[in-house]
Amino acid sequence: MNQPTSIACDLEAIPAAERGRYHALRNRIFQAASGIAETADGYALKLASDRDMLAAVADWIALERLCCPFLRFDLAIDGAGPMRLSLGGPDGVKDLLRIELGGP
């Protein structure tokens, strides 16, 4: 029988020296989203797919997964168009994401 997954974030899991960078990346990505769509188990952000944003998203995911290992990240890029960063996970994650994204 599978154990329920805890959806509690632990910012202490991010090294103290990286927390400022984590918050800056998170704010940059969430503010840069040109659209937010609800998915079955979370939300998807529409973002520019330029080199700087791709690097920011990769860096943020590397840090975010330390404090929120229950999150699932899916990144889709269609040619030169915008990217779609989907965030999802087990029951309860969608409510947490709704709060974090400012209630879309």
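Predicted model: local features only at pLDDT ≥ 70, side-chain atom pairs only at ≥ 80, totals over all residues.

Colleague: Fine. How many aromatic pairs does a search of the whole structure find?

Modeller: The search turns up 2 aromatic pairs. One is Phe-30 with Trp-60: the ring centres are 5.8 Å apart and the planes stand at 70°, over the 60° cut-off, so the pair is edge-to-face.

Colleague: Where do Phe-30 and Trp-60 lie?

Modeller: Phe-30 is in helix α1, residues 16-32, and Trp-60 is in helix α2, residues 51-67. The pair therefore ties together parts that are 30 residues apart in sequence.

Colleague: Is Trp-60 buried or exposed?

Modeller: Trp-60 is buried, because its relative accessibility of 1% is under the 20% limit. Phe-30 is also buried, with a relative accessible area of 17%.

Colleague: And how are the rings of Trp-60 and Phe-73 arranged?

Modeller: Their centres are 5.9 Å apart and their planes are at 90°, so this pair is edge-to-face. It links distant parts of the chain, with Trp-60 in helix α2 and Phe-73 in strand β3 (residues 72-77), 13 residues apart. Through these ring pairs, Phe-30, Trp-60 and Phe-73 form a cluster.

Colleague: How far is Ala-24 from Trp-60?

Modeller: The C-alpha to C-alpha distance is 9.1 Å, for a separation of 36 residues in sequence. Ala-24 sits in helix α1. With 46% relative accessibility, Ala-24 counts as partly exposed, whereas Trp-60 is buried.

Colleague: Switching to the sheet. What is the strand order?

Modeller: The order is β1-β2-β4-β3, in an open sheet of 4 strands with antiparallel pairing. Strands β1 (35-38) and β3 are at the edges with a single partner strand each, so one side of each has no neighbour in the sheet. On average, neighbouring strands are turned by 20° against each other, direction ignored.

Colleague: How many bridges hold β2 and β4 together?

Modeller: Strand β2 (residues 42-47) and strand β4 (residues 83-88) pair over 6 bridges, in the antiparallel sense. In that pairing, Leu-45 stands opposite Leu-85 in β4.

Colleague: What about β3 and β4?

Modeller: They run antiparallel and are joined by 6 bridges. Ala-76 stands opposite Arg-84 in β4. The two strands form a hairpin with 5 residues between them, and Gly-79 in the turn has a positive phi of about 60°.

Colleague: Which strands does α2 lie across?

Modeller: Helix α2 lies across β2, β3 and β4, and runs at about 10° to β4. Helix α3, residues 93-100, lies across β1, β2 and β4 and runs at about 40° to β2.

Key: Residues numbered from 1 in each chain as written. Heavy atoms only, no water. Phe/Tyr/Trp six-rings, centres within 6.5 Å; stacked < 30°, edge-to-face > 60°. Buried < 20%, exposed > 50% of the residue type's maximum accessible area, 1.4 Å probe, protein only. Pairing = 2+ DSSP bridges. Axes fitted to C-alpha atoms, helices over the stretch in contact; angles between N-to-C directions. Contact = heavy atoms within 4.5 Å.
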